[in-house]
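Thanks, everyone. Let me put the model up, and then I'll walk through a few spots.

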Amino acid sequence: MEYNVNYRDIQFNLFEYLNIQSLGETEKYQGFGRDEYDAILSEGLKFAQKEIAPLNKKSDEIGCIHENDTVKAPPGFKEAYKNFAANGFLAMDVPTTYGGQNLPMVLTEACGEFFTGSSVAFAMYPGLTRGAAHLIEVFATEELAKTYVPKMYSGEWGGTMCLTEPQAGSAVGDITTSAVKEGDHYKIKGNKIFISSGDHDMTDNIVHLVLARVEGDAPGTKGISLFVVPKFRVNADGSLGESNDVKCVNIEHKMGIKGSATCSLSFGDNDTCIGYLVGEQSKGMRMMFQLMNEARLGVGLQGQATAGAAYEAALRYAKERVQGGGKLIIEYPDVRRMLITQKAYVEGMRALLLYSAYQEDLAKTQKDEAAAQKAQNRIDLLVPICKAYCSDMGFKVTELAIQTHGGYGYCSEYPVEQLMRDVKIASIYEGTNAIQSLDLIARKLGLNQGQLFRELYEDLSGFCAKQAEHPALKEEVASLKKANDDLGMITMKLGEWAMTKNFDQPQLHSISYLYNMGDVVLAWLLTDQAVLALSKLEAIWQAKGATEEEAKSKICEEDEEAKFYESKVKVARFFVSNILPQTKARSKALLSGDESALKIRF
C-alpha cells in the first residue's frame, strides 16, 4: 500500500497555527525548536512510508497465526517494530528517566498520524506498549518501574491493558479475575478477552496490565486493583525466567485490523500466575483511566489518520480516472462534493487532535496555574469528542472514499475497502461511542459547576465577537456564533433534565449532542485557521503586486503556497455552509421530547 498524507497541512497546524516552536521557551522542552521538530516529523513520515506502509496489505491478507497457545505476527512486523523502537518513535513524549525522548505530545500526535495512517494494525503494538509502560512509570514503585519500563520503551518487551472479560463486556465493575496476596506478590486467576497485542512473537516478553479484585475487596469498580503480570517471569538480574502461566487460548477473526492480535488470555490455569500490585489496592480504575484516556485519544487518531489515508487515495484516483467522453471524474460536481467533504472532515479532525494534544503540553508547561488548569480542562472536555466524533466521522470518510472510487473501491485491489474495515472497530473499543457521549453529558458537563463547557463556550464567543466584521469571513463567523449559542442552549436543557431526574431524554440524544459539539468545535478551528490562512494569502498577493481578482486567482493556480492557503479558506466555508447546519436538525430532535425509541414494542 502506498501511503500519502497532506504534510503541508500538518506543518501549518504545528508551526503556523499552534506555533509549537514556542514550547522551546519552556523549561520542559528547552532546546527544541522548529528545525528539530521538522527533522523528527520528516523522519517519522519517511519511516511510515518506507517500513510500515508496505506491510499493511499483506498483514490484512495473512493476519496473525495462533498455534500452540502463542501468536505469530504478520511477516515483517517484528523487524519493523524493532526498527520503530530503535528510531525512538515508541517513547517520543515520555520523560528521559527510562529511555523516553521527552518530546511534546503534539509532535507525537502528528507523527502518530503517519504511523497509524500507514497501518492501524501495526501501530497498535507500540501504542499499547508505550501506554502501559508510562502507566507503570507514573504509578508503580521505583523497583517495578526499573524492572519493566526501560525494556518496554526500548522495544525489547511489549505491553497490553487487560480489562474486558467474557461475562462483563463494557461493565468493568463485573469482572471476576481474582488476586490473592502471597508474600511480595499476588496469585492472579481469571480470563480476559479482546486483548489487543495480547500475544505475539515481536518481543521477548509481554507485560500485561491486569485489572483484578483482591479477595475480600468491595464489589463493582471501587474494589478493582491493577497488577503488572508478565508473560514470562523476570529474574532478579533482569533476565527472563520461566513462563508465568499466561496463555493465549484464542485470537479473534475480525472484519479488519487483522494484523493486530486480538487475544483471549487465560491467567493462572495452573495456579502459578503471579502479579505485582501497581499503586494502591482498590485504586486500579483510577490509574487505568490514565491509560484509557491516552488510548481514547489514540482511537480518535485512528479515525482521523485512516480517513486521511482514504481521502488521499480517493483524490489520487479521481485525478486519474477517466470516464464519460474523456473526462476525469474529478471534474464532476458530485465527485467534487464528496472530495471536499472528506477533506473538510480530515483537516477538521486533524486540527482538533493536534489542538487537543497541544493543550496537554500547555497543561504541563504553563507557569500560570490558571492557564495550566484551563488547558487541562479543555483536554478533559475534548477527550470524548476526539474519540467518538473522530472515529465515527473517520468511518464516514472511508465510506465516501469508496464511493469516490465507484465499483473499484469495493475491490481489494484498491486500499480504501481495507481502510474502511480497519477503522470500524474504533467506534467500539476503548468504550463505545455511546459511552463516550454519556461521559460527556453526565460527567464532563457537570465538572466544577460546568466550568469546562463554560470556558469553551466563552472562547468561541470571544472569537466570534473579534471576527464579527471580518471582511471575507463574517458570514461564516455569524453562522458559527449561532451554532455555538444553540449548543449553549441545548447544554442548559440537559442540565434542566438532570435537575428533574429525567435521565432518559439525555441518554437518547447524548450521541447527537456529542456530534453537535464536534461540529461546532471543528467549525471554530477551521474558521480560525481560515482567518490566518487568508492573512498569509493576502501577503502573497501583495508581494506579487496582485490587486485584481483575475491576477489573484492565477497566483493561486500557479503558486503552491497560495493554493494551499486558498484551500484552507474554502474548506472552512464548505464546512460551515454544508456540515455545520446539521446541528440545527439534531437540536430540533433533541428538544422534541419524542420517546418513541423508549416506548416502541420490539
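In which sense do strand β8 and strand β9 pair, and over how many bridges? Strand β8, residues 232-234, and strand β9, residues 240-243, pair in the antiparallel sense over 2 bridges. Pairing here takes at least two bridges found by DSSP. Helices (H or I, at least four residues) and strands (E, at least two) are DSSP runs, numbered from the N terminus.

Before we go on, the ground rules. This is a predicted model: local features need pLDDT of at least 70, side-chain atom pairs count only at pLDDT 80 or more, and totals for chains, interfaces and linings use all residues. Residues are numbered from 1 along each chain as its sequence is written, and side-chain values use heavy atoms, with hydrogens and water left out.

Back to the hairpin. Val-234 stands opposite Leu-240 in β9. There are 5 residues between the strands, and Gly-238 there takes a positive phi near 95°.

Now helix packing. Two packed helices are described by the angle between their axes and the distance between the axes. The axes are lines fitted to C-alpha atoms, for helices over the stretch in contact, and angles run from 0 to 180 degrees between N-to-C directions.

Take helix α11, residues 433-444, against helix α14, residues 504-543. They pack at about 85°, axes 8 Å apart. So α11 and α14 are roughly perpendicular, a label that covers 65 to 115 degrees; under 35 is roughly parallel, over 145 roughly antiparallel, and the rest oblique. On the α11 side, the residues that meet α14 include Leu-438, Leu-440 and Ile-441. Among their partners in α14 are Ile-511, Leu-514 and Met-517. Contact means heavy atoms within 4.5 Å. By class, this contact has 9 nonpolar, 5 polar and no charged residues. Ala, Val, Leu, Ile, Met, Phe, Trp, Tyr, Cys and Pro count as nonpolar, Asp, Glu, Lys and Arg as charged, and the others, Gly among them, as polar.

Helix α1, residues 7-17, also packs on α14, at about 80° with axes 12 Å apart. That pair is therefore roughly perpendicular too. Phe-12, Asn-13, Glu-16 and Tyr-17 are the α1 residues here, and they meet α14 residues including Leu-525, Asp-528 and Lys-536.

Next, Glu-294, in helix α7, residues 284-320. Glu-294 and Leu-128 are 166 residues apart in sequence, yet 9.6 Å apart in space, C-alpha to C-alpha. Leaving aside neighbours within four places in sequence, Glu-294 is in contact with Arg-130, Gly-131 and His-134.

On a 1 Å grid over the protein atoms alone, a cavity is a set of points where a 1.4 Å probe fits but cannot get out; a pocket is an open set with protein on both sides within 12 Å along at least five of seven lines; lining residues have an atom within 4 Å of a point. Grid points are joined across faces, edges and corners, and a volume is the space filled by probe spheres set on the points.

The second largest pocket holds about 900 Å³. It has 22 lining residues, and Tyr-311, Lys-319, Lys-343, Lys-563 and Ser-567 are the closest to its centre. Helix α16 gives the largest share, 8 residues. The lining has 8 nonpolar, 3 polar and 11 charged residues.
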